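Trainee: I have a new structure open and would like to learn how to read it. Could you take me through it step by step?

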Amino acid sequence: LYTARMLELLQRSRIRCNINAHRFSGREAAHRLLISPAISSCLARKARAGQSLEPAQTGRSAGTGKLAPYHDFLKELVEQDGDITLFELRNALFMAEGVHHLFLHKG
């Protein structure tokens, strides 16, 4: 069995092979591998430029954000009760730390 990440890396290596070894265009590789032509073309440009085909990191860096100071507390709650809901987490954070849920809203 392959994980989603492994499949993605396998697919990217297949694209690189089709582009470099077989000299296919991005569209030809997409048709052959049954993937989106836009994604294949983008990866083909990267492959030809010698860039990595690894996916770019998304999201914020670990340890940032409004909940970062309460990470250990929230992690402990989830470890104690794996079925805890977001509302229960919110209420526990308010009761223990005095953090109101409006503080957590974007604005």
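Predicted model: local features only at pLDDT ≥ 70, side-chain atom pairs only at ≥ 80, totals over all residues.

Trainee: What share of the 107 residues in the protein chain is buried?

Mentor: Buried residues account for 20% of the 107. Taking contacts between residues at least 6 apart in sequence, 39% join residues at least 24 apart.

Trainee: Now the helix pairs. At what angle do α2 and α3 pack?

Mentor: For a pair of helices, look at the angle and at the distance between the axes. Helix α2 covers residues 26–33 and helix α3 covers residues 37–48; their angle is about 125 degrees, and their axes are 8 Å apart. Because of that angle, α2 is oblique to α3. The crossing of α2 past α3 is right-handed.

Trainee: Which residues in α2 and α3 meet?

Mentor: On the α2 side they are Gly26, Arg27, Ala29 and Ala30, and on the α3 side Pro37, Ser40, Ser41, Ala44 and Arg48. Sorted by class, this contact of α2 with α3 holds four nonpolar, three polar and two charged residues.

Trainee: Let me try another pair. How do the axes of α4 and α5 cross?

Mentor: Helix α4, residues 71–80, crosses α5 at roughly 130 degrees, and the axes come within 11 Å. That angle makes α4 oblique to α5. Here α4 passes α5 in a right-handed crossing.

Trainee: And which residues in α4 and α5 meet?

Mentor: Phe73, Leu74, Leu77 and Val78 from α4 meet Leu89, Ala92, Leu93 and Ala96 from α5. The contact of α4 with α5 has eight nonpolar residues, with no polar and no charged ones.

Trainee: How can I check the length of α5?

Mentor: Compare its span with the expected one. The twelve residues of α5 reach 16 Å from the first C-alpha to the last, close to the 16 Å expected at 1.5 Å a residue.

Trainee: Let's turn to single residues. Where is Arg12 found, and is Arg12 buried or exposed?

Mentor: Arg12 sits in helix α1, residues 4–20. Its relative accessible area is 17%, under the 20% cut-off, so Arg12 is buried. Leaving out neighbours within four places in sequence, Arg12 touches Leu43, Leu53, Glu54 and Pro55.

Trainee: What about Ser52, where does that residue lie?

Mentor: Ser52 is in the loop between α3 and α4. With a relative accessible area of 44%, Ser52 is partly exposed. Beyond its neighbours within four places in sequence, Ser52 contacts Arg16 and Lys46. Ser52 and Arg16 are 36 residues apart in sequence, with their C-alpha atoms 10.0 Å apart.

Trainee: One last residue. Where is the place of His100?

Mentor: His100 belongs to the loop between α5 (86–97) and α6 (101–104). At 37% relative accessibility, His100 is partly exposed. Arg90 is ten residues away from His100 along the chain, and their C-alpha atoms are separated by 8.1 Å.

Conventions:
Residues numbered from 1 in each chain as written. Heavy atoms only, no water. Axes fitted to C-alpha atoms, helices over the stretch in contact; angles between N-to-C directions. Helix = DSSP H or I, 4+ residues; strand = E, 2+ residues; numbered from the N terminus. Parallel < 35°, antiparallel > 145°, perpendicular 65-115°, else oblique. Left-handed = near helix turned anticlockwise from the far one by under 90°. Contact = heavy atoms within 4.5 Å. Nonpolar A, V, L, I, M, F, W, Y, C, P; charged D, E, K, R; others polar. Buried < 20%, exposed > 50% of the residue type's maximum accessible area, 1.4 Å probe, protein only. Expected span 1.5 Å × (residues − 1).
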